[in-house]
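This report describes one protein model, with its sequence and coordinates displayed below. The sections that follow treat its sheets, its core and its backbone features in turn.

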Amino acid sequence: MKMSFPWLVGVAAASFAAVALAAAEPTVMGMRVEIVDTTGTPVDDAVTSLLPLDRSVTFAPPAEPVAIIQQGEEFQPYVTPVVTGTRVNFPNQDKVQHHVFSVSKAKKFDLQLYRGEPKETVLFDQPGIVSLGCNIHDWMAAYVVVLATPHFAKSGSSGVAAVSGLPPGRYRLEVWHPRLKVPEQREVTITADPATQVMKVTLGIDRRVRRAPDGGTGSYK
Ligand SMILES: [Cu+2]
């Protein structure tokens with residue numbers, strides 16, 4: 001008798017192929033990027049991101065908003081990298097009111113004077129650098145770095161940004177920092193685990209305005 005249910009064969013072959021595909025799934029690797037300035041000093045608050053060049057990238061924004069708080073009349077943290085589509089909450093933990101805003105192209109918004117929880121979270125729906133300020137306190141500054149890739153990390157005081165969960169392949173490695181005029185970019189191929197790169201960056205002046213010593217008295221309402 002000849003095979004009379006060819007569709008069964010098809011189903012069996014398809015599931016076999018699925019198993020074979022799962023087995024061939026590449027292992028993920030890590031990349032350790034060391035960011036130093038021209039004097040060799042480690043650079044903190046540098047956002048390192050890796051955009052795949054030989055595959056498309058899919059990601060989902062976090063289910064819960066990311067928080068950037070206002071405390072002691074400063075934003076915390078100073079630099080916040082997020083994927084496109086992330087919502088950010090700006091709770092004010094100070095006794096004085098803040099008025100958080102951005103005029104950046106990637107996201108313009110205005111949270112009118114408030115204490116405690118703002119009325120709404122802010123959706124960052126376009127990749128780019130968003131510069132934050134407060135209308136009341138000129139020295140308050142922070143950045144949201146909105147990325148079109150889920151592969152990113154921010155350097156700490158050691159100047160190291162470690163990105164994990166990377167399938168091997170070609171990537172555009174980019175380093176952004178508030179004191180860089182243009183992001184530092186290079187193409188990298190990840191074949192070893194962990195892959196390492198050293199990025200030497202030329203930093204501009206620190207534009208952060210230092211507060212007056214009595215800046216925390218709450219005289220600005
Ligand atoms: Cu303020």
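## Terms and basis of the model

A residue is called buried if 20 or more other C-beta atoms lie within 10 Å of its own, exposed if 12 or fewer do, and partly exposed in between, with C-beta atoms placed from the backbone. By this count R172 is partly exposed, because it has 14 C-beta neighbours inside 10 Å.

The model is predicted: local features need pLDDT of at least 70, side-chain atom pairs count only at pLDDT 80 or more, and totals for chains, interfaces and linings use all residues. Residue numbers start from 1 along each chain as its sequence is written.

Strands (E, at least two residues) and helices (H or I, at least four) are DSSP runs numbered from the N terminus. Two strands are taken to pair if DSSP finds at least two bridges between them.

The antiparallel pairing of β2 and β15 extends over 6 bridges.

## R172 and its surroundings

R172 belongs to strand β15. The bridge partner of L51 in β15 is R172, while in β16 the bridge partner of R172 is E187. Although R172 and L51 are 121 residues apart in sequence, their C-alpha atoms are 5.1 Å apart in space.

Two residues are in contact if their C-beta atoms, placed from the backbone, lie within 7 Å. Leaving aside neighbours within four places in sequence, R172 is in contact with L51, L53, Q185 and E187.

## The three-stranded sheet

An open sheet of 3 strands has the order β14-β1-β17 and mixed pairing. Its edge strands, β14 (160–166) and β17, each pair on one side only. The twist here averages 20° from one strand to the next.

Strands β1 and β14 run antiparallel and are joined by 5 bridges. In this pairing, V33 stands opposite A161 in β14.

## The nonpolar core

A nonpolar core is a set of buried Ala, Val, Leu, Ile, Met, Phe, Trp, Tyr and Cys residues joined through C-beta atoms within 7 Å. The largest such core has 38 residues, and V144 and V145 have the most contacts inside it. Strand β12 (residues 141–147) gives the most to this core, with 6 residues. At least three residues of the core come from each of domain 1 (28–59 + 150–206) and domain 2 (60–148); these bounds come from an automatic or database domain assignment.

Which residues are in contact with V144, leaving aside its neighbours within four places in sequence? They are T80, V82, V88, F124, V130 and L132. As background, nonpolar side chains tend to be buried together in soluble globular proteins.

## Backbone features in the loops

Two cis peptide bonds are described here. One joins Q76 and P77, with omega about -5°; P77 is placed in the loop between β5 (74–76) and β6 (79–83). Another joins D193 and P194, also with omega about -5°, and P194 is found in the loop between β16 (184–190) and β17 (195–201).

D45, which is not a glycine, has a phi of about 60° and is found in the loop between β1 (29–37) and β2 (47–52). D45 is classed as buried because 20 other C-beta atoms lie within 10 Å. For E73, likewise a residue other than glycine, phi is positive and near 60°. E73 lies in the loop between β4 (69–71) and β5, and it counts as buried because it has 20 other C-beta atoms within 10 Å.

Methods. Axes fitted to C-alpha atoms, helices over the stretch in contact; angles between N-to-C directions.
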